[in-house]
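Visitor: I am new to reading protein models. Could you walk me through one, feature by feature?

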Amino acid sequence: DQDVVGQADGRLVVLNTTGTRRMITLINAASHIVTTVRMSEPQPESATPTLLNGTLYVTFPSGSVRAVAPDSGRRLWESNSTVESPGLPAASATHLYLASPSGRLAALNVRTGAVEATLQGRDDGGTADSSAPGAPPTLVGDALYVPYGIRSVYTVDVHTLRA
C-alpha cells in the first residue's frame, strides 16, 4: 500500500497510504537503489502528502501544514495555514498556496512557513462541501487559479497578494 508522491533529485519519493506514515522510501530511478528514511515524526493517515519543488508538504484537515525534507525525514517547519480542509497545495519558488472548498486562500513562505497573505473565501452560497478537501489551486506564470464551490474559479496575480 504505497504511493509515489513525487520525484526529487532523480529519485521517486514513496509513502505508505494507510496507517501512520513513519518512513519515506526513495528509489533512485537510474540505479534502482532503494533507501528508506525515518521521519522525525509520524504523519497520520488523515494527512495528505505532496512533493513540490523537492520538499514534502503534509497538509492536515485542520489547515496545518508540515514541510519535511525527503532526504532526512526532518521537519523543516510547521504552520497553521488558516485554510480549513485544504486540498493539495501549489508552489512557486517562494510560496506555498492552499485553498479551501469555499475558495479561502493562504500563501505561505516556503522557507519559514509564515502565512504571508490570505484571501477570504468566495463561496457564500453554501455550495462548497466543507467535509471534502478543497481542489488544488493551479499556478500558471504569475496567475493563480483558485477553484471553489461547484464549477467556480477565481484568479489572483500572486504579486499582488498581501497579508
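Guide: Begin with two neighbouring strands. Strand 9 and strand 10 pair in the antiparallel sense, over two bridges. Ala90 stands opposite Tyr97 in strand 10. Keep in mind that this is a predicted model.

Visitor: What holds paired strands together?

Guide: Strands of a sheet pair through backbone hydrogen bonds, either parallel or antiparallel.

Visitor: In what order do the strands of the open sheet come?

Guide: The order is 9-10-11-12, with antiparallel pairing. Strand 9 (90–91) and strand 12 are the edge strands, as each pairs on one side only.

Visitor: How far should I trust the coordinates?

Guide: Here is the general idea. Where pLDDT is low, the predicted coordinates should not be read in detail. In this case, the protein chain has a mean pLDDT of 88. Of its residues, 92% reach 70 or more. Among the elements, strand 1 has the lowest mean, 87. Strand 8 (residues 75–80) has the highest, 96.

Visitor: How many bridges pair strand 1 with strand 2?

Guide: Six bridges, in the antiparallel sense. Strand 1 covers residues 2–8, and strand 2 covers residues 11–16. Ala8 stands opposite Arg11 in strand 2. Now look at the turn. The hairpin has two residues between the strands. Asp9 takes a positive phi there, near 55 degrees.

Visitor: Which strand does strand 2 join through four bridges?

Guide: That is strand 3 (residues 21–28), and the two run antiparallel.

Visitor: Is Thr25 buried or exposed?

Guide: Check its relative accessibility. Thr25 counts as buried because its value is 13%, and the cut-off for buried is under 20%. Now list its contacts, leaving out residues up to four places away in sequence. Thr25 touches Gln2, Leu12, Val13, Val14, Val34, Thr35 and Thr36.

Visitor: Which way do side chains point along a strand?

Guide: In a regular strand the side chains alternate between the two faces of the sheet.

Visitor: What volume does the largest pocket have?

Guide: About 150 Å³. Its lining has 12 residues. Thr94, His95, Tyr97, Val158 and Leu161 lie nearest the centre of the pocket. Strand 10 (95–99) and strand 12 (115–119) are the elements that give two or more residues to the lining.

Visitor: Which classes of residue make up the lining?

Guide: Count by class. The lining of the largest pocket has five nonpolar, four polar and three charged residues.

Terms used:
Residues are numbered from 1 along each chain as its sequence is written. This is a predicted model: local features need pLDDT of at least 70, side-chain atom pairs count only at pLDDT 80 or more; totals for chains, interfaces and linings use all residues. Side-chain values use heavy atoms; hydrogens and water are left out. Two strands pair if DSSP finds at least two bridges between them. pLDDT is the predictor's confidence in each residue, from 0 to 100. On a 1 Å grid over the protein atoms alone, a cavity is a set of points where a 1.4 Å probe fits but cannot get out, and a pocket is an open set with protein on both sides within 12 Å along at least five of seven lines; lining residues have an atom within 4 Å of a point. Grid points are joined across faces, edges and corners, and a volume is the space filled by probe spheres set on the points. Ala, Val, Leu, Ile, Met, Phe, Trp, Tyr, Cys and Pro count as nonpolar, Asp, Glu, Lys and Arg as charged, and the others, Gly among them, as polar. Buried means under 20% relative accessible area, exposed over 50%, partly exposed in between (1.4 Å probe, protein chains only). Contact means heavy atoms within 4.5 Å.
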